[in-house]
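Open the model in your viewer and keep the sequence panel beside it. Each stop below says what to select and what to look for.

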Amino acid sequence: AAKNLKHLDLEGSCIGRRAGMTLGDLVAVHGLVLETLNLHNNALEDDSTIYLASKLVDCKLLKRVDLGFNYVGPPGAMALADFMATNPRLQHLILVRNSIRDSGAMYFAKAMKSNTSLRELNLGYNHISSVGVEALLYAIFNTSSLNSLVCSNHTLCCLFQQHCVEDLLRGGCDVHLLFDIDNILQLNEMNTLFNHSSCKLPDCAADLPLSTLSIEQLKVVIYLSKCFDMKHFLVLDRSMMPQALEFVASHLGHDGVFHLIGHWNMPELFSQTLQPC
């Protein structure tokens, strides 16, 4: 029966750093079937966290890991971020009440560029300032080019629970920055149009005939229009296939669809040449 262990809950056991290393081996043994792992409040520290992260790679079905309140610092955060960068099936990673700081937040921000599975990365109460929050925002909302925005992370929906906001403000985090990141996370939660990893737009100037876009790429344009309320900037190509026009109209509303000229234009933000992701 032990070999079929799907849920391991050791919250509050205070197993400590040394026992935590043994725990990593236990996780590896059950990696093929383990789905949830709760190690909240176990004083694992960085060494055990790093070792555990190396074993999580074998947990192909793992969906939720709680490592909150374990004295995890930037080194442990780096190991976990490296694991997340491999794009495992993990959907929830809880790291509340640790001490990953801005450097740890930056590690996760970098990892999110190649992750399309994680829905919740709870980093509340981790001594993160505006520097770390800005890095996380950049990972989910990079506006340096149209393609960089498309290639941002559009699956992450939670970074800080609501009760963590006051702690972030006390740490000097800008309230407007928190407002922006909350808006983008909400948009991600509502995004059912596309998976950003398969919808990169062509590398070309901003004047791009919509007739050359696939349905998947049109989904990207619709998503961007929703993000910025830009439907009035969107001009559709009259040579497009009727089903493509109807597809766009069904998502933006016919009032926002203009069959005028053979190109579309965006605000100045998107007037630059598109760069590869």
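Select R101 first: at 42% relative accessibility, R101 counts as partly exposed. R101 is found in helix 4. Although R101 is not a glycine, its phi is positive, at about 60°. Most residues other than glycine have a negative phi.

Before moving on, note that this is a predicted model, in which local features need pLDDT of at least 70 and side-chain atom pairs count only at pLDDT 80 or more, while totals for chains, interfaces and linings use all residues. Residues are numbered from 1 along each chain as its sequence is written, and side-chain values use heavy atoms, with hydrogens and water left out.

**The whole chain**

Zoom out and colour by secondary structure. The protein has 10 helices and 5 strands. Helices (H or I, at least four residues) and strands (E, at least two) are DSSP runs, numbered from the N terminus. Of the 277 residues, 49% count as buried. A contact means heavy atoms within 4.5 Å. Among contacts with a separation of 6 or more, 83% come from residues 24 or more positions apart.

In what order do the 5 strands of the open sheet lie? The order is 1-2-3-4-5, and the pairing is parallel. Its edge strands are strand 1 (7-9) and strand 5 (120-122), each of which pairs on one side only. From one strand to the next, the twist averages 5°; the angle is taken between axes, which are lines fitted to C-alpha atoms (for helices, over the stretch in contact), and runs from 0 to 180 degrees between N-to-C directions.

Select residues 92-94, which make up strand 4. Strand 4 pairs with strand 5 in the parallel sense over 3 bridges. Two strands count as paired if DSSP finds at least two bridges between them. To see one such bridge, show I94 together with its partner in strand 5, N122.

Select Y71, in the loop between strand 3 (64-66) and helix 3. Y71 has a positive phi near 60° and is a residue other than glycine.

Continue to residues 74-85, which form helix 3. This helix has 12 residues and reaches 16 Å from its first C-alpha to its last, close to the expected 16 Å. The expected span is 1.5 Å times one less than the number of residues. Which residues of helix 3 are buried? They are G76, A77, A79, L80, A81, F83 and M84. Their cover includes helix 2 (45-56), strand 4 and helix 4 (101-111). Just after helix 3, select N87, where phi is positive at about 60°.

**A buried asparagine**

Go to N153, in the loop between helix 6 (146-150) and helix 7 (165-170). Is N153 buried or exposed? N153 counts as buried because its relative accessibility is 0%. Show its side chain and two backbone oxygens: that of M112 is reached at 3.1 Å, and that of N115 lies 2.8 Å from a polar atom of the N153 side chain. A polar contact is a pair of N or O atoms within 3.5 Å; within protein, one must be able to donate a hydrogen and the other to accept it, and residues adjacent in sequence count only if both atoms are side-chain atoms.

**Salt bridges**

How many salt bridges does a search of the whole structure find? It finds 3. A salt bridge is a side-chain nitrogen of Lys or Arg within 4 Å of a carboxyl oxygen of Asp or Glu. Side chains of opposite charge can pair when their charged atoms come close.

Select D47 and R17, whose side chains meet at 3.7 Å, N to O. D47 lies in helix 2 and R17 in helix 1 (residues 16-29), so the pair ties together parts that are 30 residues apart in sequence. D47 is partly exposed at 41%, and R17 is partly exposed at 34%.

- R170 and E166: the closest N and O atoms are 4.0 Å apart, and both residues are exposed. They are 4 residues apart in helix 7, so about one helical turn separates them.
- D167 and R170: the closest N and O atoms are 3.9 Å apart. D167 is partly exposed at 21% relative accessibility, whereas R170 has a relative accessible area of 61%.

Technical notes
Buried means under 20% relative accessible area, exposed over 50%, partly exposed in between (1.4 Å probe, protein chains only).
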